[in-house]
Amino acid sequence: MDNPNISSPDDCLFCRKEIVEKSFSQSLNFKAIYNIAPILPGHSLIIPKSHYTSLFELPDTEIAEMTVFAKKITSVLKTFFQCDGFDWTIQDGVSAGQTVLHLHLHIIPRKPLDLPEGNEWYSKIPENEEKLLDSQHRERLNNHEYIAITAKLAQAAGSIP
Ligand SMILES: [Zn+2]
């Protein structure tokens with residue numbers, strides 16, 4: 001029987017060349033990409049360069065690396081988007097709402113009153129992942145906007161050691 005939690009790099013959105021090339025910052029084993037359909041300004045993803053589906057497949061050393069890298073990227077995003085808070089979330093497993101079966105950490109910078117209900121972002125995550133997969137979705141940034149924000153974030157990230 002097919003296990004819905006197992007996927008192959010061959011049909012993985014985050015293993016596609018056009019996504020791999022879009023990171024605005026990277027560490028040894030991870031990259032940061034801007035969400036093409038951000039829930040809020042600054043919404044980005046931390047993704048392992050290798051195809052892992054679950055956090056439980058990552059060696060502990062890489063979990064440590066991911067956390068340190070995500071902290072750095074969160075700092076860049078908070079400064080760039082003038083936010084004073086942030087949400088991190090991982091949907092791990094189909095039952096948890098994981099749509100793209102390649103491990104990814106959502107980083108959503110926050111500021112007061114940015115959403116009518118403070119926790120409203122959480123229910124938007126699975127819907128957001130559908131937008132990532134649907135290239136026709138109207139709420140996605142266009143290519144010009146995406147390239148521009150990625151370049152600015154790369155510059156911002158490059159200035160922080
Ligand atoms: Zn993948």
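This is a predicted model: local features need pLDDT of at least 70, side-chain atom pairs count only at pLDDT 80 or more; totals for chains, interfaces and linings use all residues.
**Entry 1: F24 and its surroundings**

I started at F24 and looked up what it touches. Leaving aside neighbours within four places in sequence, F24 is in contact with A32, I33, Y34, T150, L153, A154 and A157.

Where does F24 lie? I found F24 in the loop between helix 1 (17–20) and strand 1.

F24 and K152 are separated by 128 residues in sequence, yet from C-alpha to C-alpha they are 8.5 Å apart in space.

**Entry 2: the whole chain**

I stepped back to see the overall layout. The chain has four helices and five strands. Reading from the N terminus, I get the elements in the order α-β-β-β-α-β-β-α-α.

How much of the chain is buried? Of the 161 residues, 26% are buried. I looked at contacts too: among those with a separation of 6 or more, 69% are between residues 24 or more positions apart.

The five strands make an open sheet in the order 1-2-3-5-4, and the pairing is antiparallel. Which strands are at the edges? They are strand 1 (25–26) and strand 4 (85–89), each of which pairs on one side only.

I went through some of the pairings:

- Strand 1 and strand 2 are antiparallel, with two bridges. Q26 stands opposite K31 in strand 2. Strand 1 and strand 2 form a hairpin, and three residues sit between them.
- Strand 2 and strand 3 run antiparallel and are joined by five bridges. Here Y34 stands opposite S44 in strand 3.
- Strand 3 (residues 44–48) pairs with strand 5 (residues 105–110) over three bridges, again in the antiparallel sense. L45 has H106 as its bridge partner in strand 5.

**Entry 3: strand 2, enclosed**

I wanted to know how many residues of strand 2 are buried. Five of the five are, so strand 2 is largely enclosed by the rest of the structure.

In a regular strand, side chains alternate between the two faces of the sheet. I sorted strand 2 that way. F30, A32 and Y34 are buried on one side, K31 and I33 are buried on the other, and both faces are covered. A32, I33 and Y34 were already in my notes as contacts of F24.

**Entry 4: helices over the strands**

I looked at what lies across the strands. Helix 2 (residues 60–80) lies across strand 1, strand 2 (30–34), strand 3, strand 4 and strand 5, and it runs at about 25 degrees to strand 5. Helix 4 (residues 143–158) lies across strand 1 and strand 2, at about 135 degrees to strand 2.

I checked the length of helix 2. At 1.5 Å a residue its 21 residues should span 30 Å, and the C-alpha atoms at its ends are 30 Å apart, which agrees.

Which residues of helix 2 are buried? I listed M66, F69, A70, I73, T74, V76 and L77. These residues cover an arc of only 160 degrees around the axis, so they are on the same side of helix 2. The general rule is that an α-helix has 3.6 residues a turn, so residues three or four places apart point the same way.

What do the buried residues of helix 2 pack against? I noted strand 1, strand 2, strand 3, strand 4, strand 5 and helix 4. On the other side of helix 2, I found D60, T61, A64 and V68 exposed.

**Entry 5: two positive phi angles**

Last, I looked at two loop residues. Q82 is in the loop between helix 2 and strand 4. Q82 is not a glycine, yet its phi is positive, about 55 degrees. Q82 has 10 C-beta neighbours inside 10 Å, so I marked it exposed; 12 or fewer is the cut-off for that.

L113 is in the loop between strand 5 and helix 3 (121–133). L113 is a residue other than glycine, and its phi is positive too, near 65 degrees. Is L113 buried or exposed? With 7 C-beta neighbours inside 10 Å, L113 counts as exposed.

Definitions and conventions:
Residues are numbered from 1 along each chain as its sequence is written. Two strands pair if DSSP finds at least two bridges between them. Two residues are in contact if their C-beta atoms, placed from the backbone, lie within 7 Å. Axes are lines fitted to C-alpha atoms, for helices over the stretch in contact, and angles run from 0 to 180 degrees between N-to-C directions. A residue is buried if 20 or more other C-beta atoms lie within 10 Å of its own, exposed if 12 or fewer, and partly exposed in between; C-beta atoms are placed from the backbone. The expected span of a helix is 1.5 Å times one less than its number of residues. The arc is that of the directions from the helix axis to the C-beta atoms.
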